[in-house]
Every structure is written in structure tokens, then in C-alpha cells.
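Take a moment with the sequence and the 3D view before reading on. We will walk through a few residues and then turn to the ligand.

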Amino acid sequence: MTSVQDETGVLAGDERMLIDGELQHTSSGATFDVIHPASEEVAGQATDGTVADMERAVGAARRAFDQTDWSRDLDFRYHCLTQLHEAFERNKEHLRRVLITEVGCPVKVTGSQIESPIEEVKHWAEHGRNFEYLADNGVHETPMGPARRKIHYEPVGVVGAITPWNVPFYLNVAETIPALMAGNTVVLKPAQLTPWSGSEYGRIVAEETDIPAGVFNVVVSNANEVGAALSADPRVDMITFTGSTATGRAILAAGAPTVKKTLLELGGKSAHIVLDDADFNMALPMAALMACVMSGQSCILPSRILLPRSRYDEGIEIMKNMMENFPVGDPWDPNNMQGPQISEGQRQKVLGLIQSGIDSGARLVTGGGIPEHLPTGYYVQPTLLADVDPDSQVAQEEIFGPVLSVIPYEGDAEAIAIANNSIYGLSGEVSGGDLDRALEVAKRMRTGNVTINGKSHFGINSPFGGTKQSGLGYRNGEEGYKEYLEAKTIGMPE
Ligand code: ADP
């Protein structure tokens, strides 16, 4: 097996998409550019699928669900997903290079974006094989005498999966593999900036597995209307989506006429409450690192750092030092841990939000611009803003850049109030010396997940979801698998 150290450099992915078992271009032949964000060069092309292509893909998925044994043949699904796991393993370094080419993710931190999702395929295959699809719910008294009840967990049907660009291969897997293992058929619509992580998945399914035609489809497109068509199609039973809250609202509205089941993982503006008894030298370098490693392009990033007034300057100094020495640059160089933003548009959005913070009274401690030694590529300096007004735009909007906003507080109650002052409720973090106190604070944060003292909440065995406008439903854990199943209760004689 070759390692990325042996094979580095931009790699173009497959131009085609997968519809009804066939790798194909859109009928017009139109393509769009895929840009490598570290060099700003065109790395290659992707086919520019249309609404008509999406309609064909949904039709194929519908037929495969209604007319084949896929939804009923658990052993065959296990066989196919085991094959897919092995195929992903064989293609691992290829997928890694495609990922770095599209996203600009530093090679050093690709493990969670390549190795982890490949492992997840195996996890869901095993989980799905052992799941109890017909559960006995006991005997119940009814006016008509005793009745036994059984719960039959059955697939929802055709699942549309719409994914974003920040962790594309991981989210393509996370949104589709449990759905497939549970017996659904799937249409995947990857993001415009990262089409190849989707088209390569389609190619591998078509060339290296027995997954039947129509069971898994990938429609690549540069147009938002193609995702919108998927989310509105009456033949689709469920949409699973990760992306911005604005698009999540549009998807909910599009699914309303047919009351589609909708699983949404949306934006976040997570707060990290650093209590006055915390180990600052443990917690704060890590807080700064987390803001930089994915160029801040992570929905669960704790981007608001809440520091006690009694240790405010000390905390800022630690994060400043970390950010000023952070290795930013070429993602192919294994010494770097922060690459570029994914596009010039994203970089401008990040720089604009930093400026809005300064305009609203925040103090720029470090960063704030483009690194001088990196004139090419969409880089942004690690940036620390202090004295941030908790109601200001920079404290309320998701930035998706290597930017931390520091807010001072007095007492635990004020820290919790500031943390909860957000339309979002995805994640949170607490650092503190007294674990009972930290746990009490964590319980009062209105978020779906909380990390205490750097011990991550995130993992395949634990439910992950957002509260408030950060989402609906769960990925991961038993809860995450059941999202792709309906619970049908059957009453029957004892
Ligand atoms: P971002 O703003 O971070 O680029 P989006 O939430 O706009 O993220 O995009 C995430 C995914 O949603 C992409 O695959 C995109 O093509 C898709 N998308 C965008 N607009 C719509 C829409 N109205 N309906 C369905 N999908 C959409």
C-alpha cells in the first residue's frame, strides 16, 4: 500500500456521476471546474448534472426500493457493505489525494476524514447485521382482551442525502451508509465545491461492489436547484442533510407538502466556557488549535471562548501565542496543520466577519488578514478577537474560519447565559478543575453535545445532533441508526 508521502500532489477525481447503475455524464455534456484551494488552479472537471438527471436518479432509487429485494435482504446488504468497506480500503490513498485536492485539508489531519469514515462502513455493517428488526413489546391488556405487540423496524424508503464541502467524504459516508444498511435506497447530492468525493464514491460502488443498479446514486451538479429538486420530489421519503441553517430551512419547507422525514445537522456557534479553576495551559492551546486545524471549517468548533474576568489577560496570551506559531501553509506538506479556506468566496466571508467584529468594538489581538508568506491560495491568518460583544454579528454568526471570539464573564450564571445567547445549539465545551461543577455547567448549556476538559463528545457510538436551529434528529449511536427506520407496531394474538 502506498502512503501519501510516496504519492502527493493534486489528483483529479472521476468526472462522472452514478445513476441507475451507470457511470455517466450529464446529457448536455456540461462540466464545471474543480479548484485546488492551495494553488487556485483548476484541478479538473466534474459533470454538471441537471434537474432532469436528478429526476432520473430518484426514479431509479424508487424502483430499486419498490421492486427489488434490497429492503428485505439483510445478508445481501451486509455482503455489499463489507465489499464497499474493502473497496474503500483499497482506494484509501486515492480518496485522500482527491480530498486534499478539493478541500485543501492538510494531509496531517486527514485521518478523521478518510480512515474514520472507512471504519464507519464496517461499523454500520456490523451494527445493522445485529440489529433486532422485529422486537417483542410484550402482552398488553386492551378492551378486546390481551394483545401481543411486536415492533417491526423497517426502512423509510428512498433517502435523499445532501452534503456540504467541509468534510465531504466523511459526511457522504455518514449520511448514506446507515441508510443503505437499514434497507433504504439512496440518492446522494454532494456539494458543488467537492463533487469528486461524491463521484469517486459512486465509481467505487459501480466498479467494485455488487450493490444493484438504482440502490445508490450520486448526482453531481453545480446548481443549488438540483438539491432543491431532490428535497421537493414526492417520490423521496426522507432527506438527510448537513449544511447551513438557511439551506436547512429551505429543505424543511420543500419537504412540507409531502411531510418528508427530515434529518438536519446545521450550523453552530458553540461556546467554550473556561471556568476560573481550569487548567489554562491544557485547555487554551487546544482551543486555539481546534480553531485552526480545519481552517475553522467545522460546525462543532467552539468559536466563542468565554473567559473569567479574573484570568482574562492570562487566557488571551496563551491563545495568542499558539495562534502566532501555528503552522499554516501547503496542505501537502506534513508539517502544516492549517491549510487554506476552501474558496475565495469563503475567505472573503471570513475576512468580512472579522472586520465586522472590529467595527463593533472587538480588539484584534492577532491575525485578521492574509498570511504574508502565502500570497497564493485562499489562506487566512489564525485570528483572535477579544472584548467581543456577545450580541454582535461576529459572536452570533457562524464564521467557518480560523477565528476565535473571546468574551469576558463574571460568575458561572453569566457564562451560561452568554453561551445560551444563540439561535444555535450544536455543541459546547467546559473546562474546569472541579468536575462536578463543570458537569453542572455542561447540563445547563442548551446544546446537543458538550465536551468537558477536552474529552470529546463525538464518536460513532454516541448520538450526535443539534438543538434549537442547529438541527433535527441524530447521527451516530443507536438513535442515529433508527433515524433510517420506521417503527411499525403490530398487534397480534398472544
Ligand atoms: P454552504 O453555505 O456552507 O456552502 P449549504 O448549506 O448552502 O452550505 O450547502 C450544503 C449543500 O446543500 C450543498 O450540497 C448544496 O448544493 C445544497 N443546497 C444548497 N441550496 C439548496 C436548496 N435550496 N435545497 C437543497 N439543497 C441545497
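**A walk through the model**

Lys 468 lies in strand β20, residues 467-468. Strands (E, at least two residues) and helices (H or I, at least four residues) are DSSP runs, numbered from the N terminus. This is a predicted model, where local features need pLDDT of at least 70 and side-chain atom pairs count only at pLDDT 80 or more, while totals for chains, interfaces and linings use all residues. Residues are numbered from 1 along each chain as its sequence is written, and side-chain values use heavy atoms, leaving out hydrogens and water.

Stay with Lys 468. Its phi is near 45°, a positive value in a residue other than glycine. Lys 468 counts as partly exposed because its relative accessibility is 27%. The cut-offs are these: buried is under 20% relative accessible area, exposed is over 50%, and partly exposed is in between (1.4 Å probe, protein chains only).

Now find Phe 400. Phe 400 is not a glycine, yet its phi is positive, about 60°. Its place is the loop between α12 and β16 (403-409). Phe 400 has a relative accessible area of 13%, so it is buried.

Next comes Ser 422. It sits in the loop between α13 (412-420) and β17 (424-425). Its relative accessibility is 11%, so Ser 422 counts as buried. Which residues does Ser 422 contact, beyond its neighbours within four places in sequence? They are Lys 269, Arg 304, Gln 396 and Lys 468. Contact means heavy atoms within 4.5 Å.

Move to helix α12 (residues 393-396), which holds Ala 395. Ala 395 is buried, because its relative accessible area is 1%. Leaving aside neighbours within four places in sequence, Ala 395 has contacts that include Lys 269, Arg 304 and Ile 407. His 457 is 62 residues from Ala 395 in sequence and 23 Å away in space, C-alpha to C-alpha.

Finally, look at the ligand. There are 15 residues around the ligand, and Thr 163, Trp 165, Lys 189, Gln 192 and Ser 244 come nearest. A ligand oxygen is 2.7 Å from an N or O atom in the side chain of Lys 189. For the side chain of Gln 192, the distance from an N or O atom to a ligand oxygen is 2.7 Å. A polar side-chain atom of Asn 224 lies 3.5 Å from an oxygen atom of the ligand. Two elements give two or more residues to the shell around the ligand: α7 (224-232) and α8 (245-255). Helix α7 gives the most, with three residues.

Note on methods. A residue is near a molecule or strand if one of its heavy atoms lies within 4 Å of it. A polar contact is a pair of N or O atoms within 3.5 Å; within protein, one must be able to donate a hydrogen and the other to accept it, and residues adjacent in sequence count only if both atoms are side-chain atoms.
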